[in-house]
Amino acid sequence: MLHPWLQAELTAVLAALPTATLPEAERPPLARWATWLGHEPRDPLPSLRLVLIWDNLAGHLSWSIVRWLFRHGVLPLYTPLSGSWLNMAESVQRILVRRALDGHQPQSQADLITWLDDTVVGWNAAPTPFVWHGKRHERRRRARQRHLGGSPATQADAQLYAA
């Protein structure tokens, strides 16, 4: 059974979304059930209105919850259990927190939530690509070279210095 609080939250989110007016066949591919399911649904479903990214808790996988979501036009998309996706998600989270909180001391939970929300809205308005091995990686690589660069032991053709 879907937790009543979560059911109420999802119902409120769905109520705030615009109604889908296009028939399923005319909708963009990412707005169609078949794109996500890999086949046409067996039973008729309402228009897909929301993709809910969820973790793999056992309760989230139960058929009663999935059926409720499907009947309300919500597709649960489960996060991978491991791998680079999690690394990227954690990196993006670290970037958002750093941008929102650098030089600030939130005095309340509301401040913290507002600052994080504003940071996400700002980043979405002018997104920057996430690049693996970006500027930070390059800075660290150069720093390693500087730290080791003066030692004859690290030079390719080390010369012996006579005193």
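Trainee: How many bridges join β1 to β2, and do the strands run parallel or antiparallel?

Mentor: Please note that this is a predicted model, in which local features need pLDDT of at least 70 and side-chain atom pairs count only at pLDDT 80 or more, while totals for chains, interfaces and linings use all residues. Residues are numbered from 1 along each chain as its sequence is written, and side-chain values use heavy atoms, with hydrogens and water left out. Strands (E, at least two residues) and helices (H or I, at least four) are DSSP runs numbered from the N terminus, and two strands pair if DSSP finds at least two bridges between them. Here β1 and β2 run parallel and are joined by five bridges. Leu50 has Val74 of β2 as its bridge partner.

Trainee: Which residues make up the largest nonpolar core?

Mentor: In soluble globular proteins, nonpolar side chains tend to be buried together. A nonpolar core is a set of buried Ala, Val, Leu, Ile, Met, Phe, Trp, Tyr and Cys residues joined through side-chain atoms within 4.5 Å. The largest one here has eleven residues: Leu2, Leu6, Leu10, Leu14, Leu50, Leu52, Trp54, Ile65, Trp68, Leu69 and Val74. At least two residues of this core come from each of α1 (4-16), β1 (50-54) and α3. Another core, of five residues, lies apart from it and includes Trp33, Leu48, Val66 and Leu75.

Trainee: Which residues of α3 are buried, and what covers them?

Mentor: Ile65, Val66, Trp68, Leu69 and Phe70 are the buried residues of α3. Their cover, judged by contact (heavy atoms within 4.5 Å), includes α1, α2 (33-37), β1 and β2 (74-78). Just after α3, Gly73 takes a positive phi of about 80°.

Trainee: Where is Thr119 found, and why does Thr119 count as buried?

Mentor: Thr119 is found in helix α5 (residues 109-125). Thr119 counts as buried because its relative accessibility is 15%. Leaving aside neighbours within four places in sequence, Thr119 is in contact with Leu96, Arg99 and Ala100.

How values were computed:
Buried means under 20% relative accessible area, exposed over 50%, partly exposed in between (1.4 Å probe, protein chains only).
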